[in-house]
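Let's walk through this structure together, one part at a time. Keep the sequence and the 3D view at hand as you read.

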Amino acid sequence: MQGPAKLTQLPATAPIEDLLAAYHRDGAVVVKRMIGRPTIDALRTAADRFAEKVEAGVADQGMGEQGAFFVGTRTKRFSSLGLLDDAYFDLLDNEVYAAIADAVLLPNCGSYWVNTAQVMYIGPGETAQALHRDADNWFQHVVPTWPDTPEVTISAMIGLEDITEEMGATRCVPGSHCWSEFNIYEFDVETVPVELAPGDAFVYTGKVLHGGGANTTADRWRRALHLSFVVGWLTPEEAHPLDHVDGLVGRSPRVQRLLGQHSYDPRPHPGGGLWLRHVRPIEDQV
Ligand SMILES: O=C(O)CCC(=O)C(=O)O
């Protein structure tokens, strides 16, 4: 089983139809310079500062040793990026990523929200991560319908610097989103490294196989940031709304929705509201 040798790279100014055609054909597309340099520089500076206080290997995906093994013993990972720097909100409002995510996810939901927003610094000596699909979180429950499962999640791995294969560039298996077989972690398959410049984004479906690459350098960290969305009728991997109980007053409607400040309205699809807040009695409202 193998896919094409290389993923398509397109400028962020390319027509949305071209970005989507590559995304749907290969399961992923590299969007060059999707994020502007000031946003990237601000995020990297904030992430570097915070990373100094983070020990490699402590992230465990809420699953103890099994999760820690999956995300790497020489890798630093952390979320809650809105508490680190306001540039995070610019990232959420990025128009190119919004256009791709709208086209992919809105046919299956009334709205979507942040699934992960996570700094992923792969350290020297880290081994390659197991290949997986980001939709594995939910697809385990609906495996019988694979590969006709709906698109429920979309991810972007964003370069915070120049990322090369030796530093641990993400590995991808183009075309694997269409394989007839759905199995977990047992793949003998050719992968391609997704090298990125600062601000480039590897945008991929939750159905495509990929994983962090091995970092074979002696002293360079692979500095990237993962931002993914999931349909509003599924529980996200990370609990971002808990970081913003102040309600994100003054932020854009998109940012507020992505961070769980509004209830889920399924329309125009059938279904009911979710993530509702109950009205308080009048005497409690003053
Ligand atoms: O670090 C990477 O390049 C990929 C990480 C990843 O795919 C994940 O942890 O789900």
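In helix H2, Thr39, Ile40, Leu43, Arg44 and Ala47 are buried, where buried means that 20 or more other C-beta atoms, placed from the backbone, lie within 10 Å of a residue's own, exposed means 12 or fewer, and partly exposed is in between. Seen down the axis of H2, its buried residues fall within an arc of 125° (taken from the directions from the helix axis to the C-beta atoms), so they line one face of the helix. An α-helix has 3.6 residues a turn, so residues three or four places apart point the same way. On the other side of H2, you will find Arg37, Pro38 and Arg49 exposed. The cover over the buried residues of H2 includes helix H4 (87-92), E4 and strand E10 (222-231); helices (H or I, at least four residues) and strands (E, at least two) are DSSP runs, numbered from the N terminus.

A word on the model: it is predicted, local features need pLDDT of at least 70, side-chain atom pairs count only at pLDDT 80 or more, and totals for chains, interfaces and linings use all residues. Residues are numbered from 1 along each chain as its sequence is written.

Next, the ligand. Around it sit Val71, Met120, Ile122, Gln129, Asp134, Met157, Thr170, His210, Gly211 and Gly212. Two or more residues of this shell are given by each of strand E4 (112-122) and strand E9 (210-211).

Finally, look at Val29. Leaving out residues up to four places away in sequence, Val29 touches Leu7, Thr8, Leu10, Leu19, Ala22, Tyr23 and Val203, with contact meaning C-beta atoms, placed from the backbone, within 7 Å.

How values were computed:
Near = placed C-beta within 6 Å. Contact = placed C-beta atoms within 7 Å.
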